[in-house]
Each structure stands twice: as structure tokens, then as C-alpha cells.
Amino acid sequence: MKPNAFIDKLTKPTDKELAAALGPAKAVWDQLVSDLATEHDVTEPEWNSYSKKAGWSLRLKYKKRVIVYLAPCRDCFRVAFVLGDKAVKVTRGIKLPARVVKIIEEAPRYAEGTGVRLEVKSAADIAVVKKLAGVKLEN
């Protein structure tokens, strides 16, 4: 996966900087944020950087619960979910692309849950992200 576009940046990215980094994927980013707010009430965005080496990410939250992390990269972005055991089991019963099923099955397991990361380049990738966000919200 591509590295975060804002490694070594001390302040959160402006919308102009975000657009420059994401390029054509900026429209996809905006659509995903809008769809998650409309369809799942994920309406509390919060920029965060754990360290200069990690870069910046946008945490999208439902109330105080983080649903998904969006990390800007060059010409794409990465989404990350931490899925509990119940949510992982639910993903096995829904229709997902084979590559996503493989990512979930091979994802690292942590005390907090299974860390699933996907790269988003086009609008076609949004449906899978929204489906996983729905699973996360329900479990």
C-alpha cells in the first residue's frame, strides 16, 4: 500500500492540501464521507496524527465510537477498520469481493479486533467500504 501523503506534517492538512494529495480520488473521498454521514449517521469527523512518521488520518465516528479511519495517500486513500470477532463472522456471511475476503482472513488480529486495511482508488470501491462500515456499526 502507498504511504500516507502527510508524513512529517505537523499540522492537519487543509482541504487544498488534501485535494492536491488525493488528486482524482478526492471526489471519491468526499463521496464516501458524505455517504457514511447520510446512510449511517457517521457524522463526527476528527483529524488525528499519532506521530510525524505515521502521517494524518481522518477518523469517522458514530457518537464517540470510531467506525473507520481514512488515510490520504497520493492519488488514493486507505481505509482501516478494527472489526471485533462478531463483525468478522458477519463478513463471512455477506457478499464481498474475493480480494476483500482474503484481506479480512489474512488481517492481523489485535486485542481490540481484526485490523482490516483497504486501498480506495475509485467510486467502485465505495460500496465495499460502506458495507463494512454497516457491519462495524451493527456489531
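The model is a predicted one, in which local features need pLDDT of at least 70 and side-chain atom pairs count only at pLDDT 80 or more, whereas totals for chains, interfaces and linings use all residues. Residues are numbered from 1 along each chain as its sequence is written, and side-chain values use heavy atoms, with hydrogens and water left out.

Strands of a sheet pair through backbone hydrogen bonds, either parallel or antiparallel. In this model 6 strands form an open sheet in the order 1-2-3-4-6-5, and the pairing is antiparallel. Strand 1 (44-48) and strand 5 (109-110) stand at the edges with a single partner strand each, so one side of each is left without a neighbour in the sheet. Within the sheet, strand 2 (residues 57-62) and strand 3 (residues 65-73) run antiparallel and are joined by 5 bridges, and Leu58 stands opposite Leu70 in strand 3.

Helix 1 (residues 15-22) packs on this sheet, where it touches strand 1, strand 3 and strand 4 (76-83), contact meaning heavy atoms within 4.5 Å. The direction of helix 1 makes about 65 degrees with that of strand 3, the axes being lines fitted to C-alpha atoms, for helices over the stretch in contact, and the angles running from 0 to 180 degrees between N-to-C directions. Which residues of helix 1 are buried? They are Leu18, Ala21 and Leu22, where buried means under 20% relative accessible area, exposed means over 50%, and partly exposed lies in between (1.4 Å probe, protein chains only). Seen down the axis of helix 1, these buried residues fall within an arc of 90 degrees, so they line one face of the helix; the arc is that of the directions from the helix axis to the C-beta atoms. The buried residues of helix 1 pack against helix 2 (25-40), strand 1, strand 3 and strand 4, while on the other side of helix 1 Lys16 and Ala20 are exposed. Helix 1 is followed by Gly23, whose phi is positive, near 60 degrees.

A search of the whole structure finds 10 salt bridges, each defined as a side-chain nitrogen of Lys or Arg within 4 Å of a carboxyl oxygen of Asp or Glu. One of them joins Lys26 to Asp15, with the closest N and O atoms 3.1 Å apart. This pair links distant parts of the chain, since Lys26 belongs to helix 2 and Asp15 to helix 1, 11 residues apart. Lys26 counts as buried at 10% relative accessibility, whereas Asp15, at 53%, counts as exposed. Asp15, Lys26 and Asp30 are linked in a network of salt bridges. The side chains of Glu17 and Lys9 also meet in a salt bridge (3.3 Å, N to O), and Glu17 is partly exposed, with a relative accessible area of 30%.

A nonpolar core is a set of buried Ala, Val, Leu, Ile, Met, Phe, Trp, Tyr and Cys residues joined through side-chain atoms within 4.5 Å. The largest such core has 36 residues, of which Leu32, Leu70, Phe77, Val79, Phe81 and Leu132 touch the most other members, and its largest share, 6 residues, comes from helix 5 (residues 126-138). Not counting residues up to four places away in sequence, Leu32 touches Leu70, Phe77, Val79, Ile126, Val129 and Lys130. Asp35, found in helix 2, is buried, with a relative accessible area of 13%.

Most residues other than glycine have a negative phi, and most peptide bonds are trans. Lys63, although not a glycine, has a positive phi of about 55 degrees; Lys63 lies in the loop between strand 2 and strand 3 and counts as exposed at 54% relative accessibility. Asp75, in the loop between strand 3 and strand 4, is likewise not a glycine and has a positive phi of about 65 degrees, and Asp75 is partly exposed, with a relative accessible area of 43%.

Definitions and conventions
Pairing = 2+ DSSP bridges. Helix = DSSP H or I, 4+ residues; strand = E, 2+ residues; numbered from the N terminus.
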